[in-house]
Structure formats: structure tokens, C-alpha cells
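Thanks for coming. I have one model to go through, so please look at the screen.

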Amino acid sequence: MMPPHGKRQHLPPLKVLSNLPDSVIDDILMRLPLRDAVRTSILSKKWRYNWCRLPQLTVDETLWQTTKDLISPKIKFTNIIYHLLALHTGPICKFILSISDRVNCPKIDNLICFLSRNGIQHLVLQLPFRGNLYKLPSSFFTCSQLRHLVLRQCLIRSSPLFKGFDRLISLELGGVTISSEFLGSLISKCPLLENLVLKHV
């Protein structure tokens, strides 16, 4: 029914946002950088934890680098990973970690373990070039749903947990340290592999 005098009623912007279907909210959040997606939690109660179920996440230095912050990047990275592990629900299909400075490796280990239990299919690890290479934890080899994998600046050693990535279709290794024997074993245990890129291996 039209309101008196034929005028349309306009809902307040926040009420409009709260009335959006979950599918529309999810689509909006998927198009935002993670930092902005998290900020939408202040819009309304309905939006508060929606970012926590995003299936695709990119963690890079844009999350903690500002001109005003004086907190150590390592502390910020640790806090971000802590909140991600504590709050995220549901599967994570795609995850990109791109950092240029050495951070807390145990937190990366915890993150990879978390991803291995949450259906990760597309994983990109782009780690610092300087210093010691990051050694992949044993939990990495249990990521049985992987279809796309990019590893840069990592140390890859064989693990008794590795039974193969039988769904992997693309693999890119750049600046990694891996024995020729294990590289051969890795490739041979990816029966669906279609695309292989090796750079400085």
C-alpha cells in the first residue's frame, strides 16, 4: 500500500543494509579487501560476523601497515592470525599469504594446520626472500583437497604424512629448497597435475 499523498517511504541506510539477503552480503564482502571486509562488522548486528565465513582470504601487509601505527609488524601479524583462527567459521577454499618481512613462524604453522582442517583448495604462500627459508610444517602435507598450489621461498622436506595430492592440477614452486628425490616423489603423487612451474628450484 502506498503511503498518504503517494509518497514512498525510504528506509534508513542502516536498515537497508540489515535487510539485505545473506547471499548479497557475502557477495559484497568477497569483493572487498580483507581489511575493509572486517570493518563492515560495525555496520549492524547482522553484519558483525559475516566476514568470519568468507571462503577466500588474502593476508598481506596492507592489513597492518599504516603511517600512524607504531606497533611492531610481528605483533600485528600475530594478532591478525589469532583472531582469524579464533573467529573464522566454515571452509576456506582459497588463501593467500604474502609477506616481505620475517614474522612469527609458529603462527604460520598454526595457520597452515587450520587451513588443512578447513578444506583449503587454493593455497599461495609468498614469504620473505631474506633470511632462513620457512620450513613447511607436517600439517601442510595433509591438505588433501588442494587443487592449486603456489609456494615461494620455502623449505620443503619429505614427511611420512605425505600420501600425495590426488586433486592437485597446478603447482608453482619459486625459490624453494627441495631435494630432487622428493621433488620427483611430489610430482609423481599428483596424478591430475596439468600445470607445473619451477623457478630457481
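The residues lining the second largest pocket divide into nine nonpolar, three polar and three charged. Here Ala, Val, Leu, Ile, Met, Phe, Trp, Tyr, Cys and Pro count as nonpolar, Asp, Glu, Lys and Arg as charged, and the others, Gly among them, as polar. This is a predicted model: local features need pLDDT of at least 70, side-chain atom pairs count only at pLDDT 80 or more, and totals for chains, interfaces and linings use all residues. Residues are numbered from 1 along each chain as its sequence is written, and side-chain values use heavy atoms, with hydrogens and water left out.

Staying with that pocket, 15 residues line it, and Met30, Leu32, Gln56, Leu57 and Thr58 lie nearest its centre. A pocket is found on a 1 Å grid over the protein atoms alone, as an open set of points where a 1.4 Å probe fits, with protein on both sides within 12 Å along at least five of seven lines; lining residues have an atom within 4 Å of a point. The space in the second largest pocket is about 240 Å³, taken as the space filled by probe spheres set on the points, with grid points joined across faces, edges and corners.

Which elements supply the lining? At least two residues each come from α2 (22-30), α3 (34-39), β1 (56-60) and β2 (94-98). β1 has the largest share, with four residues. Helices (H or I, at least four residues) and strands (E, at least two) are DSSP runs, numbered from the N terminus. The pocket lies between domain 1 (13-54) and domain 2 (55-199), because both give residues to its lining. Those bounds come from an automatic or database domain assignment.

Now the overall layout. The protein has six helices and eight strands, in the order α-α-α-β-α-β-α-β-β-β-β-β-α-β from the N terminus on. Of its 201 residues, 37% are buried, where buried means under 20% relative accessible area, exposed over 50% and partly exposed in between (1.4 Å probe, protein chains only).

In soluble globular proteins, nonpolar side chains tend to be buried together. The largest nonpolar core in this model has 47 residues, of which Phe95, Leu97, Phe140, Leu151 and Ile156 touch the most other members. Helix α5 (residues 105-116) gives the most to this core, five residues. Domain 1 and domain 2 each contribute at least three. Such a core is a set of buried Ala, Val, Leu, Ile, Met, Phe, Trp, Tyr and Cys residues joined through side-chain atoms within 4.5 Å.

What does Phe140 touch, leaving out residues up to four places away in sequence? Its contacts (heavy atoms within 4.5 Å) are Ile112, Leu123, Leu146, Leu149, Leu151 and Phe165.

Ser170 sits in strand β7 (residues 170-174) and is buried, at 15% relative accessible area. Val197 belongs to strand β8 and is partly exposed at 24%. Val197 and Leu173 are 24 residues apart in sequence, with C-alpha atoms 6.3 Å apart.

Last, two backbone angles. Gln153, in the loop between β5 (148-152) and β6 (154-155), has phi near 60°, positive in a residue other than glycine. His200, in the segment after β8 (195-199), has phi near 55°, again a positive value in a non-glycine residue. Gln153 is buried at 14%, whereas His200 is exposed at 75%.
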